[in-house]
Amino acid sequence: MKAVVKKEAGYGAELSEVAIPETGQDEVMIKVKSTSICGTDFHIYSWDDWAKENIVPPQIMGHEVAGEVVKIGARVTSVQVGDFVSAETHIPCGQCYQCQTGKQHICNDLKILGVHTDGVFADYAVLKEVVAWKNDPAIPATYASVQEPLGNAIDTILAGDVAGKNVLIVGAGPAGLLATGVARAFGATKIIVSEPNQYRRNIADAMGADLMVNPLAENLEEVVSDATGGVGVDFVAEMSGHPLALNQGLRSITAGGQMALLGLPTEKVLLDLSADVIFKGIKLIGITGREMFKTWHLAARLIKEKRLDLEPVITHQFPLEQFAKGMELMQNGNCGKILLIP
Ligand SMILES: [Zn+2]
Ligand SMILES: [Zn+2]
């Protein structure tokens, strides 16, 4: 089968002919119908410090996927051949304290699809039964693979209990754009999106943002203050991981407000905890992965009942062979979600 393989340490990846993987007793094999590129894939492709520490090449890339089950292992009971599935990418151990207390997504012995295991940028992929999510056949494959990052956005926005609140979304990459749509769907009153890239600000507009700010040209804190009658926002979704943006977001919150952090800073971030967190009574919430499987139920519902339109976020679609084109777009930022179709 063909697969996008991270062959060795260093920039890039290769389209290779590889053997179809074996299906273990507790695994299912899918014929891949659609995949999408995640920020994580770009970290691996460009071989940044995070990738150097976490990836052991050679390995098939990718984790956002939808496909048809073509084979099941002997012990698999919840999925049948012919089912249309997506993959939760956090593979829990099922044994640890977190797994036993309903927090599988932050399992103490977590494996991530396409990070610690072979991924899905291929004709076929093997998934553990425990992470195979059965899709409603009414959901198109091109949307089904995007449920995974949509789950990140849902988890982030749910942390803010945003109904009736004013919300600032910092960073409008695919996760920030999805979060904009989710905040709209969950009833936020005013949604402000801070993003330096014009292309992405336009998509944020289409996803339901009320106000788009270029933080390089305008003073974000002033704009937020003006837009909220001098109060500040109730909730910030930090999707950028940029230290400066993170601090701007933090200072835009009204006292007693909350900030959920999904964007991953690549370095240590300096915060004025006394002035910006403690004296303001701010709650900071770290978000990783998606609550399993609550966010999948919500993602599927939002898509199926058309409460969230993914169309503006999905900006490009390429055949798998042209994965490098997608990675180039990820580099320059003039994109939302990019689909790769085998
Ligand atoms: Zn992802
Ligand atoms: Zn565990």
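Leaving aside neighbours within four places in sequence, valine 233 is in contact (heavy atoms within 4.5 Å) with Asn166, Val167, Leu168, Ile192, Val224, Thr228, Ser252, Ile253 and Thr254. This valine 233 is found in strand S14, where strands are DSSP runs of E with at least two residues and helices are runs of H or I with at least four, numbered from the N terminus. Valine 233 counts as buried at 0% relative accessibility; buried means under 20% relative accessible area, exposed over 50%, and partly exposed in between, with a 1.4 Å probe and protein chains only. Glycine 333, 100 residues apart from valine 233 in sequence, is 27 Å apart from it in space, C-alpha to C-alpha.

This is a predicted model, in which local features need pLDDT of at least 70 and side-chain atom pairs count only at pLDDT 80 or more, while totals for chains, interfaces and linings use all residues. Residues are numbered from 1 along each chain as its sequence is written, chains are lettered from A and ligands numbered from 1 in the order in which they are written, and side-chain values use heavy atoms, with hydrogens and water left out.

Leucine 310 touches Tyr143, Val146, Leu178 and Ile303, not counting residues up to four places away in sequence.

Helix H5 has twelve residues and reaches 15 Å from its first C-alpha to its last, close to the 16 Å expected at 1.5 Å a residue, the expected span being 1.5 Å times one less than the number of residues. Eleven of the twelve residues of H5 are buried, so this helix is largely enclosed by the rest of the structure.

| Ion | Donors | Distances |
|---|---|---|
| Zinc ion (ligand 1) | Cys38 (SG), His63 (NE2), Glu64 (OE), Glu148 (OE) | 2.2 to 2.6 Å |
| Zinc ion (ligand 2) | Cys93 (SG), Cys96 (SG), Cys99 (SG), Cys107 (SG) | 2.3 to 2.4 Å |

Around the zinc ion (ligand 1), the four donor atoms subtend angles of 86 to 164°, which makes the arrangement irregular, whereas the site of the zinc ion (ligand 2), with angles of 101 to 117° among its four donor atoms, is tetrahedral. Four donors count as tetrahedral if all angles lie between 85 and 135 degrees; four count as square planar and six as octahedral if opposite donors are over 155 degrees apart and all others between 65 and 115; anything else is irregular.

The donors of the zinc ion (ligand 1) are spaced C-x24-H-E-x83-E in sequence. Glutamate 64 in strand S5 (residues 64–72) and glutamate 148 in helix H5 are 84 residues apart, and the pair links distant parts of the chain. For the zinc ion (ligand 2), the spacing is C-x2-C-x2-C-x7-C. Here cysteine 93 is partly exposed, with a relative accessible area of 27%, whereas cysteine 107 counts as buried at 7% relative accessibility.

Definitions and conventions
Donors = N, O, S within 2.8 Å, 3.2 Å for Na, K, Ca; no water.
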